[in-house]
Amino acid sequence: MSFIQDLADYVASNTSLVVDTDLFIAEEPASSPDECVILITSPGSTKSESGLDMQAVQVLSKGKSFIAAESLAQTVFDLLANKPGFSGLTDIFYCEVLNSPFPVEVDGRGRYIFSSNFIIKKK
Amino acid sequence: MIKITLDTSQFKRAVIVATAKVERASQEGMKSAVKALMNDSLDLPPACPRRTGALAASHSVFVNSKLVGTSADRPVSEGGEATPLTFMPKISQELIGTLVVHKPYAASIHEGVSRWGTPYTYKTPGTGRKWVQSKLLSFGEKYFNLIAARIRVTR
């Protein structure tokens, strides 16, 4: 299974989010609910000095209200931020925060969008 | 009785001079590093998106709030305008390099988000989201080395 799929499954297992319902990989379908999260791998990955892959990941959180979007973003942020190893995901060594959630834009459906970014260090 | 007097004034002077030289060198090194970050962000894939070129021509780099370069010389087609930031308030006495992309839509394009809730479509080949973040991740060590190298050659 792919790394981003593993990560989505981990987020789903530890929050109320459900993969392909309100938790999506890469992009959301047109029929997505107002409140949802999208996980995207970002360009610029590299290897650490200790040989670990450093994969950048972006988390986009959307909500009809500012507070709902921020709260959802914070839930995922708290789950991943600066975490040493994820249970069930043996290849992931550490999740480092690049930036905490910040409001980016309001989309065509009037939803607030928050973005946060992480570096996942993995084997 | 033996009285020993040690004159440390020359040593103190040398330390003060060395500190000043290292400070100057680290600022010069940071200048090279932020300029390299700006140029890499503009030229290496995923590079800064270009429609009119206005976004690409609106990058500025600062060292400790002092302007050390802009991308205003990059080509901009009709309808676009280069608006690089040329002034920023003093933020710290520490050594800080800053890259500013001075357009209101810069953050959303960098994060890959369009106003229509879909991933942003980058039309120019070789350009894309995270044009700055990706360079920090890929070439972070190079930027640190530019600073370190400048300090290392200081005498």
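**Exercise 1.** Among contacts in chain A between residues at least 6 apart in sequence, what percentage join residues at least 24 apart?

*Solution.* Begin with the term itself: two residues are in contact if their C-beta atoms, placed from the backbone, lie within 7 Å. Among such pairs in chain A at least 6 apart in sequence, 47% join residues at least 24 apart. This is a predicted model, in which local features need pLDDT of at least 70, side-chain atom pairs count only at pLDDT 80 or more, and totals for chains, interfaces and linings use all residues. Residues are numbered from 1 along each chain as its sequence is written, while chains are lettered from A and ligands numbered from 1 in the order in which they are written.

**Exercise 2.** Find which elements of chain A touch chain B.

*Solution.* First, 20 residues of chain A are in contact with 17 residues of chain B. Next, the elements that give two or more residues to this side of chain A are strand E4 (53-63), strand E5 (92-106) and strand E6 (112-122) of chain A. Finally, the largest share, four residues, comes from E6(A).

**Exercise 3.** State how much of chain A is buried.

*Solution.* A residue is buried if 20 or more other C-beta atoms, placed from the backbone, lie within 10 Å of its own. Buried residues make up 37% of the 123 residues in chain A.

Key
Buried ≥ 20, exposed ≤ 12 C-beta atoms within 10 Å, placed from the backbone.
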